[in-house]
Amino acid sequence: AIIKANIDLMEMDLDSDSADPAELKDSLGDINDQVSRLTGLTNDLVYLSRMEEAENTLVMTEVPFSDIVTETVSSFDALAAEKGKAISREIEPMISIKGSSKELEKLVSILMENAVKYSVEPRVIDLKEGEDGIPVPPMINVKVYKDGRNAVLEVSNRTEAELTDEALSH
């Protein structure tokens with residue numbers, strides 16, 4: 001719908017005698033953003049579909065879960081910093097689980113992408129009049145620990161609004 005609306009606006013702008021190149025460029029940028037978003041969603045759907053097909057053929061081996069989480073989370077440091085956010089880690093070392101390294105890495109990446117994307121924006125602590133405030137980055141918390149025979153992964157962040165029970169199910 002967004003792409004269609006932008007195309008309609010561009011057509012109307014081109015049909016008029018006063019086509020504004022800046023507005024056309026903005027509309028093309030919006031279309032490009034939406035195409036990128038749809039491409040990502042499509043790739044995720046294809047990935048999920050392949051996972052369902054391959055569910056019975058996945059080879060489960062002992063993998064170093066603590067190391068997988070540490071490496072994957074570290075790859076998000078630059079993105080989090082760019083967005084003014086920080087990552088806290090409490091990763092118990094030497095935890096291994098049976099699984100697929102590639103699939104676990106993808107899972108942690110999806111959780112981290114969502115945490116960076118949906119956590120609150122940095123806040124600024126005001127100083128004396130005439131001085132710039134101090135930015136305080138929101139924290140994204142990552143924990144890995146053993147709970148009996150189970151390995152537990154927790155990725156958490158604060159959000160702008162409280163999540164309802166219905167929203168949590170999605």
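Mentor: Buried stands for under 20% relative accessible area, exposed for over 50%, and partly exposed for what lies in between, with a 1.4 Å probe and protein chains only. The model is predicted, so local features need pLDDT of at least 70 and side-chain atom pairs count only at pLDDT 80 or more, while totals for chains, interfaces and linings use all residues. Residues are numbered from 1 along each chain as its sequence is written, and side-chain values use heavy atoms, without hydrogens and water.

Trainee: How many salt bridges does the structure hold?

Mentor: Side chains of opposite charge can pair when their charged atoms come close. A salt bridge here is a side-chain nitrogen of Lys or Arg within 4 Å of a carboxyl oxygen of Asp or Glu. By that cut-off, the number of salt bridges in the structure is three.

Trainee: Asp8 and Lys4 meet in a salt bridge; in which helix do both lie?

Mentor: Their N to O distance is 3.0 Å. Asp8 is partly exposed at 30% relative accessibility, whereas Lys4 is exposed at 51%. Helices (H or I, at least four residues) and strands (E, at least two) are DSSP runs numbered from the N terminus. The two residues are four apart, about one turn of the helix, and both lie in α1 (residues 2-15).

Trainee: How many residues apart in sequence are the parts that Asp77 and Arg89 tie together?

Mentor: The side chains of Asp77 and Arg89 meet in a salt bridge of 2.5 Å, N to O. Asp77 belongs to helix α4 (residues 77-82) and Arg89 to strand β2 (residues 86-91), so the parts tied together are separated in sequence by 12 residues.

Trainee: Is Lys85 buried or exposed?

Mentor: Lys85 forms a salt bridge with Glu121 at 3.9 Å, N to O. That pair links distant parts of the chain, 36 residues apart: Lys85 sits in the loop between α4 and β2, and Glu121 in the loop between α5 (101-118) and β4 (123-125). With a relative accessible area of 6%, Lys85 is buried.

Trainee: In what order do the three strands form an open sheet?

Mentor: Strands of a sheet pair through backbone hydrogen bonds, either parallel or antiparallel. Two strands count as paired if DSSP finds at least two bridges between them. Six bridges join β2 to β6 in parallel, and seven join β6 (residues 139-147) to β7 (residues 150-156), which run antiparallel. The pairing is therefore mixed, and the order is β2-β6-β7.

Trainee: Which strands stand at the edges of the sheet?

Mentor: Within the sheet, Val144 of β6 stands opposite Ile91, and the bridge partner of Val144 in β7 is Leu153. An edge strand has a single partner strand, so one side of it is left without a neighbour in the sheet; the strands so placed are β2 and β7.

Trainee: Which residue takes a positive phi in the hairpin of β6 and β7?

Mentor: The hairpin has two residues between the strands. The positive phi, near 70°, is taken by Gly148.

Trainee: What angle does the direction of α5 make with that of β7?

Mentor: Axes are lines fitted to C-alpha atoms, for helices over the stretch in contact, and angles run from 0 to 180 degrees between N-to-C directions. Contact means heavy atoms within 4.5 Å. Helix α3 (residues 65-74) lies across β2, β6 and β7 and runs at about 170° to β2. Helix α5 packs on the sheet, touching β2, β6 and β7, and its angle with β7 is about 25°.
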